[in-house]
Amino acid sequence: MNIILLGPPGAGKGTQAQRLVAERAMVQLSTGDMLRAAVKAGTPVGLQAKAVMESGALVSDEIVSGIIGEMLDTLGADTGVIFDGFPRTAAQADALDGLLATRGRTLDHVVELEVDEAALIERIVGRYTCAKCGEGYHDRFKLPKVAGVCDVCGSTEFKRRPDDNADTVRTRMAEYRAKTAPILPIYEARGLVQRVDGMADIDVVSRAIAAVLDGVAG
Ligand code: AP5
Ligand code: MG
Ligand code: ZN
């Protein structure tokens, strides 16, 4: 099964993708995570992407489509993929069609996480992750079970994203409205889109997504 998690910054794409990975034999392909890894490693892609990401604008379609293609080639044909943060433009949606078709894959679901934009700022500025394993946390909504210790790997080091500040978030939201939301009709026309209330508790959202994937959603 191949699915897209679509929604604005802070909608919960990464949170829900991590859960699907833990619960199902699926792999998360997050262009944001891959670009951040490239920036950290100082690769040519990372050098090009760094300033763009810090401004909240979108990295070029060629770069992100290229890294998705490379990642798909590392996966077995039977491994299900969760696309997190890709595609984000009409050109990327087109590219994805080609990338899937040439690899004999089909797209099964596009899950749109519906959220209230005003709430997203709080989600984003409160977000942090484990520096070692990448598990996501939030100052208010998702604290580690033992304060200061990662639930998953026991690390005591955490980090925050440079683009998680109120100013950059506004640019990221504007990019979403202008370039990403308009790709929904492409998938609606194919009957692939199902909407999930992304404002509910994390567990409730997970159950709603599971219902979509298991074909029991209304
Ligand atoms: P990317 O990393 O994709 O960032 P984003 O889309 O802005 O999305 P986020 O990662 O901020 O949000 P999320 O939906 O994953 O939310 P999360 O689960 O963490 O992209 C970053 C940048 O990279 C872009 O700006 C661009 O420059 C570049 N880029 C990436 N992909 C690109 C592409 N395809 N094309 C071009 N450029 C690209 O949740 C947020 C917080 O809320 C967490 O703290 C979480 O614990 C909490 N939370 C989650 N769900 C809930 C809930 N139900 N209730 C309460 N709290 C919740
Ligand atoms: Mg994310
Ligand atoms: Zn950890």
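This is a guided tour of one predicted model, stop by stop. Local features in it require pLDDT of at least 70 and side-chain atom pairs pLDDT 80 or more, while totals for chains, interfaces and linings use all residues. Residues are numbered from 1 along each chain as its sequence is written, chains are lettered from A and ligands numbered from 1 in the order in which they are written, and side-chain values use heavy atoms, without hydrogens and water.

**The zinc site**

Select ligand 3, the zinc ion, together with Cys-130, Cys-133, Cys-150 and Cys-153, whose SG atoms coordinate the ion at 2.3 to 2.4 Å. Donors are N, O and S atoms within 2.8 Å of the metal (3.2 Å for Na, K and Ca); water is not among the atoms, so sites may look incomplete. The arrangement is tetrahedral because the 4 donor atoms subtend angles of 100 to 115°; for four donors, the term requires all angles to lie between 85 and 135 degrees. Along the sequence, the donor residues follow the spacing C-x2-C-x16-C-x2-C. Cys-130 belongs to strand β5 (residues 127-130), and Cys-150, 20 residues apart from it, to the loop between β6 (136-138) and β7 (158-159). Strands here are DSSP runs of E with at least two residues, and helices are runs of H or I with at least four, numbered from the N terminus. Cys-130 and Cys-150 are both buried, that is, under 20% relative accessible area with a 1.4 Å probe and protein chains only; exposed means over 50%, and partly exposed lies in between.

**Val-149**

Next, select Val-149, in the loop between β6 and β7. Is it buried or partly exposed? Val-149 is partly exposed, at a relative accessible area of 28%. Beyond four places in sequence, Val-149 touches Pro-144, Gly-154, Ser-155, Thr-156 and Phe-158, where contact means heavy atoms within 4.5 Å.

**The largest core**

Now select Ile-4, Leu-35, Ile-68, Leu-72, Phe-83, Val-110 and Tyr-187, the residues with the most contacts inside the largest nonpolar core, which has 29 residues. Such a core joins buried Ala, Val, Leu, Ile, Met, Phe, Trp, Tyr and Cys residues through side-chain atoms within 4.5 Å. Helix α4 gives the largest share, 5 residues.

**Ligand 1**

Finally, select ligand 1 with Gly-10, Ala-11 and Val-59. An oxygen atom of ligand 1 lies 2.8 Å from a polar backbone atom of Gly-10, and an oxygen atom of the ligand lies 3.3 Å from one of Ala-11. For Val-59, a backbone N or O atom is 3.0 Å from a nitrogen atom of ligand 1.

Note on methods. Tetrahedral: all angles 85-135°; square planar, octahedral: opposite > 155°, others 65-115°. Polar contact = N/O pair within 3.5 Å; in protein donor to acceptor, adjacent residues only side chain to side chain.
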